[in-house]
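Below is a short exchange about a structure. Please look at the chain first, then read on.

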Amino acid sequence: MERLIRLAADDELPALLAFFSRAPWLATDIRPRDLEPHLRAGACWLAERAGRIAAAALVETQRHPVWQMQMVGCADLEALDEELGPLLAAADRAGQAAGAGPLLYIGDEPWLNGELPALGFATINRIAFYEREGRGLPEERGLALATLRPAAAEDMPAALAVDHAAFDPIWWNSAAFLAQALDEFRFVVATAGGEVAGYSLCSTYPGEGHLARLAVHPAWQGRGIGGQLVRDALRFFWGCGLTRVLLNTQQDNERSQALYRRYGFRASGPTLPVWQMRRDPEGAPGI
Ligand SMILES: CC(C)(COP(=O)(O)OP(=O)(O)OC[C@H]1O[C@@H](n2cnc3c(N)ncnc32)[C@H](O)[C@@H]1OP(=O)(O)O)[C@@H](O)C(=O)NCCC(=O)NCCS
């Protein structure tokens, strides 16, 4: 039977929407009503069998240098066995050609996670979830070092530099994401010594606030600026009437977890594995 693996074209959005809406084997945390904007923003690789989509993977390609799989679907068990591997390898090769690191996937769908090791993926970390409820802050330690203010477009190059100095590349935000974040998040920068030393991103949902990002430049870490940003975020949420606050971080990031615990956050729920495709030294997927 004829099989074809290729990148989906822009005008295939309706077919992809139909496929992902009905695929019996589906791994994603995208809500059905958000599917369309994600499909428009990402790149989709698909495997066709006898002219029909048998498997597809949606990859977020904007967060250079990370290409992250956001959704994977298979029409049947045959596609899972035969088509998923070549499909993901093709997506990873395209990422490699575009200068991206190995394909990343964060998720805990049992059917997919059972397959991933055989497809060349290994768990490199886990995402830990934290939450806190109610008001109340720990005692402040000395004088606040940084000045906090709403971020402006002119701050973006400096905020990006903080982000890339603070995080490993697989967690980097892109310039495009930060520019968009000015509209979509409460975006605060902490300035110290006349420079941007850190930033935070907060978003609100019915009944809960999310501290979506916290970063302090390594040159400024350990001097209370992270704590200042957390206090500021909590006060913002309380001002919105939200006393339940959620966040997540990497399981091996002990420093951030110590900070969050000091501010009353407690680990909640199971952790999520972070998978990365292995590449051999020449860059081919390691399968
Ligand atoms: C996690 C992170 C935001 C913390 O920022 P920070 O500015 O270093 O945080 P703080 O200085 O407020 O607190 C860290 C430590 O500094 C010390 N500290 C805090 N306030 C201080 C003060 N006023 N004077 C001196 N030292 C202080 C403490 O030892 C504190 O550790 P403790 O909480 O165990 O007591 C920062 O390390 C970072 O950007 N890391 C990389 C990105 C990251 O992990 N982001 C968050 C997870 S997604």
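Reader: How far apart do the C-alpha centres of domain 1 and domain 2 lie?

Author: This is a predicted model, in which local features need pLDDT of at least 70 and side-chain atom pairs count only at pLDDT 80 or more, while totals for chains, interfaces and linings use all residues. Residues are numbered from 1 along each chain as its sequence is written. The assignment gives domain 1 (3-126) and domain 2 (134-243), with bounds that come from an automatic or database domain assignment. The C-alpha centres of the two domains are separated by 32 Å.

Reader: How many residues does the contact take from domain 1 and from domain 2?

Author: Two residues are in contact if their C-beta atoms, placed from the backbone, lie within 7 Å. On that basis domain 1 gives seven residues, and domain 2 gives seven residues.

Reader: Why do the buried residues of helix 6 line one face of the helix?

Author: In helix 6 (residues 156-166) the buried residues are Ala 159, Val 162, Asp 163 and Ala 166. The arc is that of the directions from the helix axis to the C-beta atoms. Seen down the axis of helix 6, these residues line one face because they fall within an arc of 100 degrees.

Reader: What is included in the cover over the buried residues of helix 6?

Author: The cover includes one helix, helix 7 (175-184). It also includes strand 9 (186-192), strand 10 (195-205) and strand 11.

Reader: Which element supplies the largest share of the shell around the ligand?

Author: The ligand is surrounded by 21 residues, the closest being Gln 221, Gly 224, Gly 226, Gly 227 and Ser 256; a residue is near a molecule if its C-beta atom, placed from the backbone, lies within 6 Å of it. Strand 11 (208-216), helix 8 (225-239) and helix 9 (254-262) each supply at least two shell residues. The largest share, five residues, comes from helix 9.

Terms used. Helix = DSSP H or I, 4+ residues; strand = E, 2+ residues; numbered from the N terminus. Buried ≥ 20, exposed ≤ 12 C-beta atoms within 10 Å, placed from the backbone.
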